[in-house]
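This briefing sets out the computed features of one protein model, grouped by topic. Please read it alongside the sequence and the coordinates.

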Amino acid sequence: MKKLLILPILFITYAAWSYGASPVGKWKTIDDKTGEAKSIISIWEEDGKIFGVIEKLFRKPEQNPNPLCTKCKGKLRNKPIIGLTILKNLKQDDNEWNGGTVLDPEDGKTYKCKIEVVEDGTKLKVRGFIGVSVLGRTQYWHRAE
């Protein structure tokens, strides 16, 4: 009986390892230019898709603590950046999630997106692009505690 239990456990363990860590949780974004912490993004899964919302902004004393997305279009225009859903509809494909979008509140544009948990689950590789992935930008978000 014990041998029969070992095989399913090994298979489940291998499957979890082969698909990598989950992006679900809190992530700290880092400014590309300054290297300073910029925000905390909370990522969750809903109906097999990944979504992410801006939960917190790290602002300097002279900056508006609750800025609006002035460059966003449509119904997002002038909405508070805190609480804005910036990751939408990413589906798992092996060890990455893709097929969804990421919104950049700084320029108000929405890009195609793919993400992958890397470095033993401590970083999230986020690639936003137009058309094909080669024409884009990659950021690394750090898992927040």
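This is a predicted model: local features need pLDDT of at least 70, side-chain atom pairs count only at pLDDT 80 or more; totals for chains, interfaces and linings use all residues.

The protein holds one helix and eight strands, and its elements follow the order α-β-β-β-β-β-β-β-β from the N terminus.

**Overall composition**

- The protein has 145 residues, of which 32% count as buried.
- Of the contacts between residues at least 6 apart in sequence, 36% join residues at least 24 apart.

- Most residues other than glycine have a negative phi.
- E119 has a positive phi of about 50 degrees and is not a glycine; its place is the loop between β6 (109–118) and β7 (123–129).
- D94 is likewise not a glycine and has a positive phi, of about 60 degrees. The loop that holds D94 runs between β4 (85–93) and β5 (96–104).

**Cysteines**

- A disulfide is a covalent bond between the sulfur atoms of two cysteines.
- The count for this structure is one disulfide, which joins C69 to C72 with an S to S distance of 1.8 Å.
- The torsion about the S-S bond of C69 and C72 is about 60 degrees, so this disulfide is right-handed.
- C69 and C72 are both buried.
- C113 is also buried, because its relative accessible area is 1%, which is under 20%.

**Aromatic pair**

- The structure holds one aromatic pair. The ring centres of W44 and F51 are 5.8 Å apart and the planes lie at 20 degrees, so the pair is stacked; the cut-off for stacking is under 30 degrees.
- W44 counts as partly exposed, at 28% relative accessibility, whereas F51 is buried, with a relative accessible area of 14%.

**Surroundings of S42**

- S42 is placed in strand β2 (residues 37–46) and counts as buried at 16% relative accessibility.
- Leaving aside residues up to four places away in sequence, S42 touches G25, K26, F51, G52, V53 and E55.
- Among these contacts of S42 are F51, a member of the stacked aromatic pair, and both K26 and E55, which form a salt bridge with each other.

**Salt bridges**

- Side chains of opposite charge can pair when their charged atoms come close.
- The structure holds six salt bridges.
- K26 and E55 form one of them, with the closest N and O atoms 2.6 Å apart. This pair links distant parts of the chain, since K26 belongs to strand β1 (residues 25–30) and E55 to strand β3 (residues 49–57), 29 residues apart. K26 is partly exposed at 32% relative accessibility, and E55 is partly exposed at 37%.
- D32 and R137 form another salt bridge, whose closest N and O atoms are 3.0 Å apart. The two residues are 105 residues apart and link distant parts of the chain: D32 is in the loop between β1 and β2, and R137 is in strand β8. D32 has a relative accessible area of 47% and is partly exposed; R137 is partly exposed at 44%.
- E36 and K60 meet through their side chains in a salt bridge with an N to O distance of 3.9 Å, and the cut-off is 4 Å. This pair also links distant parts of the chain, with E36 in the loop between β1 and β2 and K60 in the loop between β3 and β4, 24 residues apart. E36 is partly exposed at 41% relative accessible area, and K60 at 40% relative accessibility.
- D31, K38 and E106 are linked in a network of salt bridges.

**Nonpolar surface patch**

- V132, V134 and L135 form a nonpolar patch on the surface, and together they have about 320 Å² of accessible area.
- L135 is found in the loop between β7 and β8 (136–143). L135 counts as exposed, because its relative accessibility of 56% is over 50%.

How values were computed: Residues are numbered from 1 along each chain as its sequence is written. Side-chain values use heavy atoms; hydrogens and water are left out. Helices (H or I, at least four residues) and strands (E, at least two) are DSSP runs, numbered from the N terminus. Rings of Phe, Tyr and Trp (its six-membered ring) pair if their centres lie within 6.5 Å; planes under 30 degrees apart count as stacked, over 60 as edge-to-face and the rest as tilted. Buried means under 20% relative accessible area, exposed over 50%, partly exposed in between (1.4 Å probe, protein chains only). Contact means heavy atoms within 4.5 Å. A disulfide is a pair of cysteine sulfur atoms within 2.5 Å. Patches are made of residues with over 30% relative accessible area and no salt bridge: like charges are joined within 9 Å, nonpolar side chains (Val, Leu, Ile, Met, Phe, Trp, Tyr) within 5 Å. Accessible areas come from the Shrake-Rupley method with a 1.4 Å probe; for residues, only the protein chains shown count as cover.
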